[in-house]
Amino acid sequence: MRNMSDIIEKYLKEMIEKSGNEVVEIKRAHIAEKFDCVPSQLNYVIKTRFTNEHGYVVESKRGGGGYIRITKVETHSETEYLAHLQSLIGDSISQLNAGHLVQSMYENEVITYREAQIIDAVMEREVLSIELPYRDRLRAKILRRVITAILYAKE
């Protein structure tokens, strides 16, 4: 059975898809009431599953008229999308964020499931068995190079 976070994520993604312009505004309390959960559960889902690495921009306004606006970042081409991902990597990246980027590439059909599994395997801290911050820097270099290889393979 799926957990509450998975259910909320699926619901929000469906709302975004149905919105047409790929932007949705929600009231935290309304969604929490709909799923009979605490608002912090919704915060957790948004903070972990609707990040830049996943291809989303989140804005929020607190207070009585407050809202959470989730926008799916759309790029006009695969090349533009991959360039956007490279800009997110920076000089270092954690295993968690690298995994989010790989998942995003898979969900956007840039890579296959098998390729995603291979890239994830290479990004693991057990494989990159050097101390921080060097491990995150090495991971960033490898991931940037993988994206560059994908870019050149597409041309």
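This is a predicted model: local features need pLDDT of at least 70, side-chain atom pairs count only at pLDDT 80 or more; totals for chains, interfaces and linings use all residues.
The domain assignment of the protein places residues 4–72 in domain 1 and residues 78–153 in domain 2, and the C-alpha centres of domain 1 and domain 2 are 25 Å apart. Counted by contacts, seven residues of domain 1 touch 10 residues of domain 2.

## The overall fold

The protein has seven helices and three strands, and, read along the sequence, these elements follow the pattern α-β-α-α-β-β-α-α-α-α. Along its principal axes, the C-alpha trace of the protein spans about 45 × 35 × 30 Å.

Of the 155 residues of the protein, 33% count as buried. Among the contacts in the protein with a separation of 6 or more, 60% are accounted for by residues 24 or more positions apart.

Within α3, the residues Leu 42, Val 45, Ile 46 and Arg 49 are buried. These residues cover an arc of only 100° around the axis, and therefore they lie on the same side of α3. As a general point, an α-helix has 3.6 residues a turn, so residues three or four places apart point the same way. Which elements cover the buried residues of α3? The cover includes α1 (4–18), β1 (23–26), α2 (28–34), β2 and β3 (67–72).

Thr 51 is located in the loop between α3 (39–49) and β2 (56–61). Is Thr 51 buried or exposed? Thr 51 counts as buried because its relative accessibility is 13%, which is under the 20% cut-off for that class. If its neighbours within four places in sequence are left aside, Thr 51 is in contact with Ile 46 and Tyr 56.

A search of the whole structure finds eight salt bridges. In one of the pairs, the side chains of Arg 69 and Glu 25 meet at 2.5 Å, N to O. This pair links distant parts of the chain, since Arg 69 is in strand β3 and Glu 25 is in strand β1, 44 residues apart. At 21% relative accessibility Arg 69 counts as partly exposed, and Glu 25, at 45%, also counts as partly exposed.

The side chain of Arg 69 also meets that of Glu 59 in a salt bridge, at 3.4 Å, N to O. Arg 69 lies in strand β3 and Glu 59 in strand β2, so this pair ties together parts that are 10 residues apart in sequence. Glu 59 counts as partly exposed, with a relative accessibility of 35%.

## Salt bridges involving helices

In another pair, the side chains of Asp 136 and Arg 139 form a salt bridge at 2.6 Å, N to O. Both Asp 136 and Arg 139 lie in helix α7 (residues 134–154), where they are three residues apart, about one turn of the helix. Asp 136 is buried, with a relative accessible area of 17%, and Arg 139 also counts as buried, at 1% relative accessibility. Elsewhere, salt bridges that share partners join Asp 6, Glu 9, Lys 13, Arg 49 and Glu 107 into one network.

Definitions and conventions: Residues are numbered from 1 along each chain as its sequence is written. Side-chain values use heavy atoms; hydrogens and water are left out. Helices (H or I, at least four residues) and strands (E, at least two) are DSSP runs, numbered from the N terminus. Buried means under 20% relative accessible area, exposed over 50%, partly exposed in between (1.4 Å probe, protein chains only). Contact means heavy atoms within 4.5 Å. The arc is that of the directions from the helix axis to the C-beta atoms. Domain bounds come from an automatic or database domain assignment. A salt bridge is a side-chain nitrogen of Lys or Arg within 4 Å of a carboxyl oxygen of Asp or Glu.
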